[in-house]
Amino acid sequence: MAAPPDNDVLWARALHVKHNGSPALTGVSLGVREGEILAVGGPRGSGKTTLLQCLSGQLLAQQGEVWFNSTAVHTMSPTHRERLRRDRFGWIDPAPVLVPELNAWENAALLLMLRGVSRRRARTTALEWLDRLDIGDCARKRPYALLQSERQRVAIARALAPAPTVIFADEPTAPLHRADRAQVLRTLTTAARSHGITVVLATHDADTAALADRTVSLLDGRRVHTVHLPPVAEPAEPTARTEPAKPTDPSNPTDPTETEGRAACSLSA
């Protein structure tokens, strides 16, 4: 069992996962560098969510290894994996999952308070992130009073507030309109870079993937590589050297070859 490279905060090797007998991941390996924003692309059903679940310790692969900062996640006990997810990882679902009894800032501060941060300090941090995501005026609203896009921003603020080492974002802008999507992604990527947070982002949207430092693609549970073919050259104009000889027509008096032949016959006569 080989340890991962020193500059990889996450490293997976030969992951194999089956759901109800059907392969979800087949031999997937990858490394994620510290502070990198990595997009995992591919169509729906290609294994993106399963890969994020394996990397974050939510799901144990039937075969393969997952490492976090040179610690083997795949050999951890369930209790240690839960603690790792609570203390070092953040997770953003495609649809926001908020506590209905809590208002927006309390939902955003929830993970901080679970870590033992005082309510006052957690509230200050949560409000800062809600302001960055342009929903500071919704801080006292309950989830039922928020729009879908506002609930998703609260969920993103909740993931960012504890300043985790890694954020796993599974289609984080799926419920957002295009204009909201761009603003939220800019906030997420800017915050990650400024705080040195590694982001593993699952998406099937090319515009979302374009904001990442690097993209890996999955298809039917396997890593695939896009081959960029060179442009097809336009056929060149034929030149005098390459142009094929035209058949001669004896009945055409303007054919130079035929004219020269007739002159030679006259001289010999």
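**Reading a pocket and its helices**

Author: In this predicted model, the largest pocket is lined by 17 residues, of which R85, G90, W91, L111 and R158 lie nearest its centre. The model's local features need pLDDT of at least 70, side-chain atom pairs count only at pLDDT 80 or more, and totals for chains, interfaces and linings use all residues. Residues are numbered from 1 along each chain as its sequence is written, and side-chain values use heavy atoms, with hydrogens and water left out.

Reader: What is a pocket, and which elements give two or more residues to the lining of this one?

Author: On a 1 Å grid over the protein atoms alone, a pocket is an open set of points where a 1.4 Å probe fits, with protein on both sides within 12 Å along at least five of seven lines; lining residues have an atom within 4 Å of a point. Here, α2 (78–88), β6 (89–92), α3 (104–114) and α5 (148–160) each give two or more residues to the lining. Helices (H or I, at least four residues) and strands (E, at least two) are DSSP runs, numbered from the N terminus.

Reader: How many residues of each class are in the lining of the largest pocket?

Author: Ala, Val, Leu, Ile, Met, Phe, Trp, Tyr, Cys and Pro count as nonpolar, Asp, Glu, Lys and Arg as charged, and the others, Gly among them, as polar. The lining has nine nonpolar, three polar and five charged residues.

Reader: At what angle do the axes of α3 and α5 cross?

Author: Two packed helices are described by the angle between their axes and the distance between the axes. Axes are lines fitted to C-alpha atoms, for helices over the stretch in contact, and angles run from 0 to 180 degrees between N-to-C directions. The axes of α3 and α5 cross at roughly 30 degrees and come within 7 Å. These two helices are therefore roughly parallel to each other (angles under 35 degrees; over 145 is roughly antiparallel, 65 to 115 roughly perpendicular and the rest oblique). A104, N107, A108 and L111 of α3 make the contact (heavy atoms within 4.5 Å) with V154, A157 and R158 of α5.

Reader: How do α3 and α4 pack, and which residues meet?

Author: Helix α4 (residues 119–132) packs with α3 at an angle of about 125 degrees, the axes being 8 Å apart. That makes α3 oblique to α4. Among the residues that meet are A104, W105 and E106 in α3 and R119, A122 and R123 in α4. By class, this contact has 10 nonpolar, one polar and three charged residues.
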